Amino acid sequence: MRKLKLIGIGAGNPDYITVQAVNALKEVDVIFVTDKGQDTADLLRARRDVCERYMQSKPYRTIEIQDPERDRTTTAYRPAVAAWHEKRAALYEQVVREQLSGDECGAFLVWGDPSLYDSTLRIIDQVAARGTVDFEYEIIPGITSIQALAARHKISLNQIGEPIHITTGRRLIDDKSTADADIVVLLDGNCAFKTVAHDDVDIYWGAYLGTPDEILLSGKLNELSEQIEQVRAQARKRKGWIMDTYLLRRPRASSY
């Protein structure tokens, strides 16, 4: 039976990888990597660095998968993502069938954690549901950008007895039902924090967390909103890509 491992490799720092992940990599014969083009070559290189650092116990080979284009012009977000995932599933099915023999173990190295705002697990589920190639798979958790953000800002994610809401920039604009919760935002390509009422809101923002290019800013949202937008645009122009995460917090009186 073929084996697949979806291994969370953390939020950018090679030291974020867990002992479980290191041990899992020792069993791997084939690394599957998705090539998203020149703009994200840094992410591909980071995965290779992880392999070179932790996979010295036996030979392995790397198979690159060209990521299919996603339609970013349509306003129908979910259908566009579903179509993109179908294309990915077809490619993953092909490489697993053709590049992984029956007694080998393959791995996808997932930025952060496979369970949080990453499509790899869903696509592998789609491949398994097709029933055209047999394999069993395992999930190895990783350190998320949310954990890295809190650590780098030296803060607790939750206030005492209070909830946290995790969402995306797209949903932050649309969903106002969590106005009383602290909010962690990922996948915000349009600086959705600008739509939040600024009164007494703190922001803890980080980009390229755990990497040499890391940028951290924190303070009152009404004082930092424009600066973060400018810094973000400059960083994206310089590197060709950006991954950032932030926490929005309304101070509350402590209670014990």
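The model is a predicted one, in which local features need pLDDT of at least 70 and side-chain atom pairs count only at pLDDT 80 or more, while totals for chains, interfaces and linings use all residues. Residues are numbered from 1 along each chain as its sequence is written, and side-chain values use heavy atoms, with hydrogens and water left out.

Helix α3 itself takes in residues 77-99, which is 23 residues, and it reaches 32 Å from its first C-alpha to its last, close to the 33 Å expected at 1.5 Å a residue; that expected span is 1.5 Å times one less than the number of residues. Its buried residues are Ala80, Val81, Trp84, His85, Arg88, Ala89, Tyr92, Glu93, Val95 and Val96, where buried means under 20% relative accessible area, exposed means over 50%, and partly exposed lies in between (1.4 Å probe, protein chains only).

The strands named above belong to an open sheet of 5 strands with parallel pairing, in the order β3-β2-β4-β1-β5. Because β3 and β5 stand at the edges with a single partner strand each, one side of each is left without a neighbour in the sheet. From one strand to the next the twist averages 25°. Two strands count as paired if DSSP finds at least two bridges between them, and β1 and β5, which run parallel, are joined by 6 bridges; Leu6, for instance, has Ile139 in β5 as its bridge partner.

Two helices can be followed across this sheet. Helix α3 lies across β1, β2, β3, β4 and β5, running at about 155° to β3, whereas α4 lies across β1, β4 and β5 and runs at about 165° to β5. For such angles, axes are lines fitted to C-alpha atoms, for helices over the stretch in contact, and the angles run from 0 to 180 degrees between N-to-C directions. The axes of α3 and α4 come within 9 Å and cross at roughly 65°. On the side of α3 the contact is made by His85, Glu86, Arg88, Ala89, Ala90, Tyr92 and Glu93, and on the side of α4 by Ile123, Ile124, Gln126, Val127 and Arg130. These residues divide into 6 nonpolar, 2 polar and 4 charged, given that Ala, Val, Leu, Ile, Met, Phe, Trp, Tyr, Cys and Pro count as nonpolar, Asp, Glu, Lys and Arg as charged, and the others, Gly among them, as polar.

In the loop between β4 and α4 one finds Tyr117, whose phi is near 50°, a positive value in a residue other than glycine. Most residues other than glycine have a negative phi. Tyr117 is partly exposed, with a relative accessible area of 40%.

A second open sheet, also of 5 strands, has the order β6-β7-β10-β8-β9 with mixed pairing. In this sheet β6 (164-168) and β9 stand at the edges, each with a single partner strand, so one side of each is left without a neighbour. Within the sheet, β8 is joined to β9 by 6 bridges, the two running antiparallel, and β8 is joined to β10 by 6 bridges, again antiparallel. All 6 of the 6 residues of β8 are buried, so the strand is largely enclosed by the rest of the structure. Asp202, Tyr204 and Gly206 lie on one side of β8 and Ile203, Trp205 and Ala207 on the other.

Helix α7 (residues 221-239) lies across β8, β9 and β10, running at about 165° to β9. Its buried residues, including Leu224, Ile228 and Ala235, pack against α2 (41-54), β8, β9 (215-220) and β10 (244-249). Just after α7, Gly240 takes a positive phi of about 90°. Leu187, in the loop between β7 (182-186) and β8 (202-207), has a positive phi of about 55° although it is not a glycine, and Leu187 is exposed, with a relative accessible area of 56%.

Methods: Helices (H or I, at least four residues) and strands (E, at least two) are DSSP runs, numbered from the N terminus. Contact means heavy atoms within 4.5 Å.
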